Amino acid sequence: MVFLNILFHTIELLSAIIGTYFIKKRLTNNETIYFVYFLWLTVFVETIGMLPRLIYSYDFFNFFDYKLFYSNQWLYNIYTIICFSIYIIYFRASIIKRILRNMLSFLLFIYVSISITYFVVTKSLFEVFSIFIFILGVILLLISILLYFYEILNNDVIFKITQNLPIYIALGALVFHLCVTPIFIYDNYYIKSRPRFVEIHSIIRKICIVFMYSCYSIGFLVCLKNNVIRKK
């Protein structure tokens, strides 16, 4: 299991490396640069998130009794807020119409405010992964992607869709979150009583991870290749 986790972390790492190569070789907007930084943040969070698995798996790490190290719920709760904020900012930058951009800015402000208020009031930051904050983030992500699709359907970008990086980001993020969200909703109900559910959950999540980060990597490479061809 640890080996498989390392393998999937490697796929995330590869996507971050390709993204870094992309922004080094091609002049791009700040939002794409921030998105690549976000990919590196994901690699860091997933690496730190492996610590509890190591603690549970090996007696050597039994000296980690403190809750901050023994559980990673707090880490993923914070990461969830950052994750969906980055997605919204990224797709907002790909939208031209001011009214749509302002709407996404407002929704982002509401999302961050609700998230912070929720964790302060419930005091659950360190206790359990918040399905509420995750689902709320997924809803805002879907709104952002739908607005982006609406935007490209109404301008000339649709004719160069394969050369447009956000379409690859949108496809990967959309498929991943639509597939894993129903599973996350039932996590707390079945994760302890249904071992088979945990197994299926893990398989679906890992397949979705491979698909999502493959979309990101392919998007970086295709857009970089098209940029080189245009320069020649």
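A: Let's start at threonine 80, which is buried, with a relative accessible area of 6% (buried means under 20%, exposed over 50% and partly exposed in between, using a 1.4 Å probe and protein chains only). This is a predicted model, in which local features need a pLDDT of at least 70, side-chain atom pairs count only at pLDDT 80 or more, and totals for chains, interfaces and linings use all residues. Numbering runs from 1 along each chain as its sequence is written, and side-chain values use heavy atoms, leaving out hydrogens and water.

Threonine 80 sits in helix α5 (helices are DSSP runs of H or I with at least four residues, strands are runs of E with at least two, and both are numbered from the N terminus). Leaving aside residues up to four places away in sequence, threonine 80 touches Tyr111, Phe129, Ile133 and Phe134, where a contact means heavy atoms within 4.5 Å.

A search of the whole structure finds 17 aromatic pairs; rings of Phe, Tyr and Trp (its six-membered ring) pair if their centres lie within 6.5 Å, with planes under 30 degrees apart counted as stacked, over 60 as edge-to-face and the rest as tilted. The rings of phenylalanine 91 and tyrosine 148 have centres 5.8 Å apart and planes at 45°, so this pair is tilted. Phenylalanine 91 lies in α5 and tyrosine 148 in α7, 57 residues apart, and both residues are buried. Another tilted pair joins tyrosine 118 and phenylalanine 132, with centres 5.2 Å apart and planes at 35°. Here tyrosine 118 is in α6 and phenylalanine 132 in α7, so the pair ties together parts 14 residues apart in sequence. Tyrosine 118 is partly exposed at 27%, and phenylalanine 132 is partly exposed at 41%.

Now for the wider setting. The largest nonpolar core has 57 residues, of which Phe35, Tyr87, Phe91, Tyr216 and Phe220 touch the most other members. Such a core is a set of buried Ala, Val, Leu, Ile, Met, Phe, Trp, Tyr and Cys residues joined through side-chain atoms within 4.5 Å. Among the elements giving it two or more residues are α2 (30-49), α5 (73-93) and α10 (195-231). Phenylalanine 35 has contacts with Ile86, Tyr87, Tyr90, Ile169, Tyr216 and Phe220, beyond four places in sequence. Phe35, Tyr87 and Phe91 also belong to one aromatic cluster, along with others including Tyr148 and Tyr216.

Helix α2 has buried residues including Phe35, Phe38 and Glu46. Glutamate 46 counts as buried at 8% relative accessibility, and forms a salt bridge with arginine 205, their closest N and O atoms being 3.7 Å apart (a salt bridge is a side-chain nitrogen of Lys or Arg within 4 Å of a carboxyl oxygen of Asp or Glu). This link joins α2 to α10 across 159 residues, and arginine 205 is partly exposed at 24%. By that rule, the count is one salt bridge.

Finally, a word on confidence. The protein averages a pLDDT of 82, and 79% of residues score at least 70; pLDDT is the predictor's confidence in each residue, from 0 to 100. Over residues 63-68 it stays under 50, and the model has seven contacts for them beyond four places in sequence. Residues 228-232 are also below 50, with three contacts beyond near neighbours in sequence.
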